[in-house]
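User: Please take me through how the labels used for this structure follow from their definitions.

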Amino acid sequence: MNKLKYIFGSRRTWAWPYVLFLVLFVLLPLLLIFVYAFTTPSGEFTLKNFVQFFHTSEAVNTFIYSIAIALLTTIICLLLGYPAAYIMATAELKTPAVMAMLFILPMWINFLLRTLATVELFNMFGIPLGEGALLYGMCYDFLPFMIYPIYNTLQKMDRSLIEAARDLGANGREVFTKVILPLSTPGIYSGVVMVFMPTVSTFAISELLTRNKITLFGSLIQRAFGEGGLQMWNYGAALSLIMLLIIGLTSFFGNKDEQEAQSVI
Amino acid sequence: MARKDFIIEVNHVSKRFEDGKLVLDDVSLQVKKGEFVTILGPSGCGKTTLLRCIAGFQVATEGDILLKGEDITQTPPHKRPVNTVFQKYALFPHLNVYDNVAFGLKLKKLDRDTIMKRVKQALKTVGMSDYEFRDVDSLSGGQQQRVAIARAIVNQPEVLLLDEPLAALDLKMRKDMQLELKEMHKKLGITFIYVTHDQEEALTLSDRVVVMSEGKIQQIGTPTDIYNEPQNCFVADFIGESNILSGMMIRDRRVQFNDLEFDCIDEGFGENNPVDVVIRPEDIYIWDKSLEKRGKILGQEDDDAEDRVPKGKFTKWYGVVDSCIFKGVHYEMTVKTENGYEFMVQDYHEFVPGTEVGMLVKPEDIQVMKKEHYIYNHLEGEVLKNGKVRFIGADWEVSEGQLKPFSPGDKVEVLVPYRSVDLQDHEDEGVVSGEVHFILFKGNHYHLTIRTDDDYDIYVNTNDVWDDGDRVGIDISSKDILLRKMEELEN
């Protein structure tokens with residue numbers, strides 16, 4: 001009885017369900033990907049899967065194209081999102097919370113639904129689907145992930161720093177370039193990571209908004225697993241590992257700001 | 001004094017915030033070159049707003065501000081040759097100590113060598129030479145404050161504005177920094193305008209003190225002037241400890257308070273006019289009455305009393321010590337007199353509670369002030385059709401005798417004696433509700449200022465104890481309300 005109480009009374013016990021979940025659905029799959037990527041369908045160790053990727057020009061091109069699209073999306077989101085976040089955080093709006101909410105609101109709806117709705121809108125106005133539609137869809141879906149962290153850092157910034165800069169002789173532009181921008185880098189960084197990471201691996205948006213005309217790296221992986229049959233799983237696992245590596249690298253760039261960035265997310 | 005000798009002139013400046021609150025009310029102030037001026041007042045008195053108007057972060061609604069005779073009222077802050085030391089330092093967290101200090105110089109596009117020389121010089125002035133490449137977040141509060149001062153003085157401003165720069169430091173550090181600031185001021189020769197709510201700081205540091213309250217300047221003077229000759233109750237109460245009593249000026253150099261007559265040195269208050277009397281607790285001489293009975297003011301406990309207490313024809317009064325607190329150097333006692341007055345006395349000797357003591361004060365230590373208000377609240381009112389009178393935003397019953405000479409619609413002056421205002425614990429029990437805004441102890445009663453929710457000030461004399469900010473209900477008995485014709489007022 002006492003032992004039971006000890007087990008359920010301990011706070012550490014509460015973590016068990018999640019630890020179990022973590023092991024089953026995160027660690028184990030990662031391990032499987034790793035094992036599959038380095039083995040043949042019959043289970044022997046091989047590097048053939050990676051060699052195959054680097055020798056298939058279509059796969060490499062898709063990979064480069066995906067990263068380019070992701071970068072472009074991130075840049076567009078940054079260019080659109082920073083001014084929006086800046087205005088929300090600094091302008092003397094009567095209801096800044098409502099404004100922030102309006103920007104976040106699309107995140108309440110599943111992105112597949114939003115993307116499908118976008119497709120219908122494009123069809124309704126007779127706009128051809130393709131690369132433009134893809135970029136539009138990506139930016140539309142991921143813009144809030146850029147705005148919110150930037151808005152957060154800007155809003156938390158001490159107003160007296162701006163006054164101090166003006167007091168020391170900085171004009172409006174100099175206040176921005178010398179104080180506000182450098183101080184909002186943690187927000188920019190986490191916004192970039194939060195937009196870049198999911199856009200590299202997305203496949204649903206590209207499939208819907210380009211009618212499968214444009215293949216992104218995510219689709220390649222999806223096809224390897226979905227259509228290729230069991231034979232292709234090892235290749236798919238290798239592709240996944242390559243993508244994981246790229247995403248992993250992004251989150252390490254600017255390591256100095258990482259802790260700050262994490263606090264923003 | 002010639003106009004050009006003033007570096008800063010503030011002329012009739014008023015500032016009204018967007019919500020309609022008047023934070024500065026016709027403030028005028030001249031600051032000489034090289035002067036150390038302190039703006040002193042409680043929080044919310046407008047002192048920081050005044051500083052921000054000089055710095056350029058806020059624009060005066062009315063009036064103008066001149067710097068060396070040039071109008072800068074509308075000049076944006078980055079074009080003013082003044083620099084500010086902010087209360088919470090406002091150091092740039094993304095820059096190290098050196099770059100923080102160099103910030104202003106780099107904006108002026110000075111060459112690297114000049115910048116380096118001046119930054120090093122500034123850091124040396126504030127005693128932070130070895131910290132150039134430290135992260136500002138790794139510095140202590142006092143060190144950050146030094147960097148903030150260096151960042152301001154490195155630009156060699158005409159005027160250095162300091163907004164409660166020491167408020168965030170602990171007591172010991174604050175005292176050290178006070179001395180250093182004074183040294184720096186001497187060394188640099190820059191005009192300092194310093195804002196604080198700490199009266200001791202103001203008296204220690206400044207050449208001149210500007211006492212502010214409710215957006216108005218109450219008094220401008222040297223620390224000695226402000227302390228010894230406060231111009232009104234607010235200043236007397238805010239600067240140091242004081243006994244403030246209601247009195248009567250019998251004639252020049254003769255004043256009555258505490259039911260006794262005293263010689264004093266003040267003149268020009270007329271005859272038999274009500275006045276306020278201020279006596280500093282350290283100016284009251286106190287001795288054990290039992291020693292006096294034995295025919296000598298001499299005893300083992302208090303063997304220097306004879307030398308200590310001045311001899312001569314002084315009015316003496318007596319009381320019983322009510323409490324006695326040791327304050328480090330001196331003792332602070334409250335003494336109750338037979339006729340119900342209470343005096344605060346400070347002395348190096350301890351007089352335990354219950355001791356019967358005698359007291360006297362020298363004529364030159366009695367400070368007589370014009371009474372700001374007499375005994376009535378003077379309010380504007382209007383007679384209504386239903387026989388009531390409307391004032392301070394409510395309708396009041398008034399006795400028939402008072403109402404008789406007036407007809408509905410007449411504007412009248414309403415007189416309500418301070419003593420007749422009833423304060424209720426629960427705000428909804430009164431006709432009008434408000435907040436205790438200011439408290440003054442007048443020896444045997446409290447003089448309160450109640451600010452009603454409609455922003456009228458009502459003065460109340462009471463024996464009850466209230467706290468600043470207490471919510472109260474205000475009630476006035478119909479028989480205590482007096483009405484006068486408006487014309488009488490004008491004559």
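Analyst: The crossing of α12(A) and α13(A) is left-handed, a word used when the near helix is turned anticlockwise from the far one by less than a right angle, with right-handed used if clockwise. This is a predicted model, in which local features need pLDDT of at least 70 and side-chain atom pairs count only at pLDDT 80 or more, while totals for chains, interfaces and linings use all residues. Residues are numbered from 1 along each chain as its sequence is written, and chains are lettered from A and ligands numbered from 1 in the order in which they are written.

User: What makes α12(A) roughly antiparallel to α13(A)?

Analyst: The axes of helix α12 (residues 217-226) of chain A and helix α13 (residues 233-252) of chain A come within 8 Å and cross at roughly 155 degrees. Because angles over 145 degrees count as roughly antiparallel (under 35 as roughly parallel, 65 to 115 as roughly perpendicular, the rest as oblique), the pair α12(A) and α13(A) is therefore called roughly antiparallel.

User: Which residues of α12(A) and α13(A) meet?

Analyst: From α12(A), A:Phe217, A:Leu220, A:Ile221, A:Ala224 and A:Phe225 meet A:Trp233, A:Tyr235, A:Gly236, A:Leu239, A:Ser240 and A:Met243 of α13(A), where contact requires C-beta atoms, placed from the backbone, to lie within 7 Å. By class, the residues of this contact are nine nonpolar, two polar and no charged; Ala, Val, Leu, Ile, Met, Phe, Trp, Tyr, Cys and Pro count as nonpolar, Asp, Glu, Lys and Arg as charged, and the others, Gly among them, as polar.

User: How many residues of chain A are in contact with chain B, and which element of chain A gives the most?

Analyst: In chain A, 15 residues are in contact with 16 residues of chain B. The elements giving two or more residues to this side of chain A are α8 (159-167) and α9 (172-183), and α8(A) gives the most, with six residues. The side of chain A that touches chain B divides into seven nonpolar, three polar and five charged residues.

User: Which residues of helix α2 of chain B are called buried?

Analyst: In α2 (residues 97-107) of chain B, the buried residues are B:Val97, B:Asn100, B:Val101, B:Ala102, B:Phe103, B:Gly104 and B:Leu105. Among what covers the buried residues of α2(B) are α3 (112-125) and α4 (141-153) of chain B.

Terms used:
Axes are lines fitted to C-alpha atoms, for helices over the stretch in contact, and angles run from 0 to 180 degrees between N-to-C directions. Helices (H or I, at least four residues) and strands (E, at least two) are DSSP runs, numbered from the N terminus. Two residues are in contact if their C-beta atoms, placed from the backbone, lie within 7 Å. A residue is buried if 20 or more other C-beta atoms lie within 10 Å of its own, exposed if 12 or fewer, and partly exposed in between; C-beta atoms are placed from the backbone.
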